Amino acid sequence: MSGALEVLNVQVFYNDVIEAVRDVSLTVGKGRIVALLGANGAGKSTLLKAISAVLYPEEGRLIHGSIRYDGVDLTARNADEIVAAGIVQVPEGRRLFETMTVEENLRLGGYALAAAELGEGLERVYAMFPRVREKRHAVAGLLSGGEQQMVAIGRALIGRPKLLILDEPSLGLAPQIVRDIFDIVKRLNAEEGLSILFVEQNARLALAVSEYAYIMENGRIVLDGPSADLAGNADIQEFYLGQAKGGERKSLRDLKHYKRRKRWLA
Amino acid sequence: MDYFANLVASGLIFGSLYGLIAIGFAVIYKTTGVVNFAQGEVMMFVLYFSWMVGTFVAAPLWLLLLIAIVVGGAFGALLERVFIRPMIGQSQFSIIMTTVGVAIVLRGLVPIFWGVESEPIDAPLKSQLYEFGPVMMLGDQIFALALFVAISAAAWAFFRFSRVGVAMRAAAHDETAALLMGINVRRLQGLSWMIASAVSGVAGVCYALIVARAPDMWQIGFQAFPAAILGGLDSPLGSAFGAVVVGIAASLSEGYIGYGLKEISGFVIIIAVLMVRPYGLFGEKELERV
Ligand SMILES: Nc1ncnc2c1ncn2[C@@H]1O[C@H](COP(=O)(O)OP(=O)(O)OP(=O)(O)O)[C@@H](O)[C@H]1O
Ligand SMILES: [Mg+2]
């Protein structure tokens, strides 16, 4: 599919023994905005790390499956090649280079760019986040959480990615800041056609922002569909949107009317 | 007073030799988090090898220096490729033990190929005497000092301003984040070994010029390592400064207290300093929000 990210039957192990993702398939079409939901430890971050080829520093390995983007197989590629292909990730917890200045962080985001492009990219990010421009000489580790998230997103946008991956951009931020961040994400999607794949714990927010959503549990995708449909789905309402009428939380997979996900043949 | 000044000058000169090795320690540690315990041995091997090549082409000093830089770079790349890269994913301890193994092998190889005799370099520089007030220095000593200052400044500027240098710092700080920036971290790690070994090659030439080449010259690592720790193992410029401190302290303690102290003075200083500043004098401390 042109311009689409296609993850097919991916399986990931840590330390060769812990299976964190099993047989996951997911698609992010060009210009789409897709959410990935799931409880803590479901394997969301692991899946995103597999896409960005940054499993190895944590002893993680993609054992099975493939990752394609724009029709090109990226499965065995290195992280820098993934970035060069236009897929850039803002990791969970932002992971700024805390002892460096904001501008040094942004320049690192444009590591592969020519000098002129880098200058243009910086200007574009500063125009998008005036607050970041104000703080550009500040040490990144001393910014507030919201400012740091803006730097992290700005850093990812410098090289004009085609697909932006965001792993829990709302982590630890005040509700108003979270709304601001998602407003920016939606605007990038609408105005620049940037494809977005994001992880978000707040299901209500995620389903409101996204067009399509996947729900992960214990390393698998247990449910997926257009976000509007999922928002109206009784199970989702019960388990993720907190509208249950009491009773303990069960796994979505235990439900009788659990819609079986179609499997891809790898 | 003259005695004191000359001891300081002599300490400065030896400090500059330690410093070049200490910069090597710091460059590799900063980028890869590995302490290369073979740094002194790499210096020795690169010097002997370059000397052999240099003799072959009857190289003058400047050319020998150039050969040492090229040989050093190539040898660093080789070491990283053959011994370190396959160890990625192993524990830090086993990687460090690998460097110790490399050190021991190099110590053994040098006398086998080039004999155990020590030999000085003959260069016109050596016979020129310069006086600075009470202090007298030889041309080769000033040459080594100047190279040390130039390389320290270059190392500092490289990590501070150059795109690759900043990326190396980033990779040391958070490898995953650096990868997500599109930085080819493995390539930079290889490059750091090349830079460190090339600088060690320069150190080897300076050492051979000031003292002589000898199969025990690797022992300079015992001064350079505490120097790097003292200055902050992740700070090339700090390590260079630490080396000057260690060099001067060694010279003074030997001059005033007695022979034998030179070897241990570096370690005495770091024990004292690290109790107060666990990151060394200039090491980057983890930043905490206040
Ligand atoms: N580096 C690692 N080594 C071993 N196991 C890991 C590692 N990282 C994650 N895991 C395990 O893999 C599983 C999936 O973790 P992952 O971080 O992908 O979950 P997540 O869905 O992102 O959770 P969260 O919402 O808490 O961020 C968990 O069981 C976790 O314990
Ligand atoms: Mg996560």
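Biologist: So helices are DSSP runs of H or I with at least four residues, and strands are E runs of at least two, both numbered from the N terminus. On that basis, how many helices and strands does chain A come to?

Modeller: The secondary structure of chain A comes to 10 helices and 10 strands. Keep in mind that this is a predicted model.

Biologist: How much of chain A counts as buried?

Modeller: 54% of its 266 residues. Also, if you take contacts in chain A between residues at least 6 apart in sequence, 68% of them join residues at least 24 apart.

Biologist: How do S9(A) and S10(A) run, parallel or antiparallel?

Modeller: Antiparallel, with 6 bridges joining S9(A), residues 212-217, to S10(A). As an example, A:Ala213 has A:Gly225 in S10(A) as its bridge partner.

Biologist: What about S1(A), how many of its residues are buried?

Modeller: 9 of 10, so S1(A), residues 5-14, is mostly covered.

Biologist: Which strand do 7 bridges join to S1(A)?

Modeller: That's S2(A), residues 18-28, and the two run antiparallel. A:Leu5 has A:Val28 as its bridge partner in S2(A). The two strands form a hairpin with 3 residues between them. In that turn, A:Asn15 has a positive phi of about 50°.

Biologist: And which strand is joined to S1(A) by 8 bridges?

Modeller: S4(A), residues 60-69, again antiparallel. A:Phe13 stands opposite A:Arg61 in S4(A), and A:Val12 has A:Leu62 there as its bridge partner.

Biologist: Where does S4(A) go from there, and how many residues lie between S4(A) and S5(A)?

Modeller: 2 residues, in another hairpin, where A:Asp70 in the turn has a positive phi of about 55°. A:Arg68 stands opposite A:Asp73 in S5(A).

Biologist: Switching to helices. Why is H3(A) largely enclosed by the rest of the structure?

Modeller: Because 7 of the 8 residues of H3(A), residues 102-109, are buried. Among them are A:Val102, A:Glu103, A:Glu104 and A:Leu108.

Biologist: What covers the buried residues of H3(A)?

Modeller: Elements of both chains. The cover includes H4 (115-128), H5 (130-134) and H6 (145-157) of chain A, together with H5 (139-161) and H6 (163-173) of chain B.

Biologist: Over to chain B, then. At roughly what angle do H1(B) and H9(B) cross?

Modeller: Roughly 60°, with the axes coming within 8 Å. H1(B) is residues 2-32 and H9(B) is residues 221-231. The two are therefore oblique to each other, and the crossing is right-handed.

Biologist: Which residues meet there?

Modeller: From H1(B), B:Tyr18, B:Ile21, B:Ala22 and B:Phe25; their partners in H9(B) include B:Gln223, B:Phe225 and B:Ala228. By class, the contact of H1(B) with H9(B) has 8 nonpolar residues, 2 polar and no charged.

Biologist: And H9(B) with H11(B), are they roughly parallel or roughly antiparallel?

Modeller: Roughly parallel, because their axes cross at roughly 15°. The axes come within 9 Å, and H11(B) is residues 261-276. H9(B) passes H11(B) in a left-handed crossing. Residues of H9(B) in the contact include B:Phe222, B:Pro226 and B:Leu230, and those of H11(B) include B:Lys262, B:Phe267 and B:Val273. That contact has 9 nonpolar, 2 polar and 2 charged residues.

Biologist: Last one: is B:Arg187 buried or exposed?

Modeller: Exposed, because its relative accessible area is 59% and over 50% counts as exposed. B:Arg187 is found in H8(B), residues 185-210. Its C-alpha atom is separated by 35 Å from that of B:Ala212, 25 residues apart along the chain.

Notes. Residues are numbered from 1 along each chain as its sequence is written. Chains are lettered from A and ligands numbered from 1 in the order in which they are written. This is a predicted model: local features need pLDDT of at least 70, side-chain atom pairs count only at pLDDT 80 or more; totals for chains, interfaces and linings use all residues. Side-chain values use heavy atoms; hydrogens and water are left out. Axes are lines fitted to C-alpha atoms, for helices over the stretch in contact, and angles run from 0 to 180 degrees between N-to-C directions. Angles under 35 degrees count as roughly parallel, over 145 as roughly antiparallel, 65 to 115 as roughly perpendicular and the rest as oblique. A crossing is left-handed if the near helix is turned anticlockwise from the far one by less than a right angle, and right-handed if clockwise. Contact means heavy atoms within 4.5 Å. Ala, Val, Leu, Ile, Met, Phe, Trp, Tyr, Cys and Pro count as nonpolar, Asp, Glu, Lys and Arg as charged, and the others, Gly among them, as polar. Two strands pair if DSSP finds at least two bridges between them. Buried means under 20% relative accessible area, exposed over 50%, partly exposed in between (1.4 Å probe, protein chains only).
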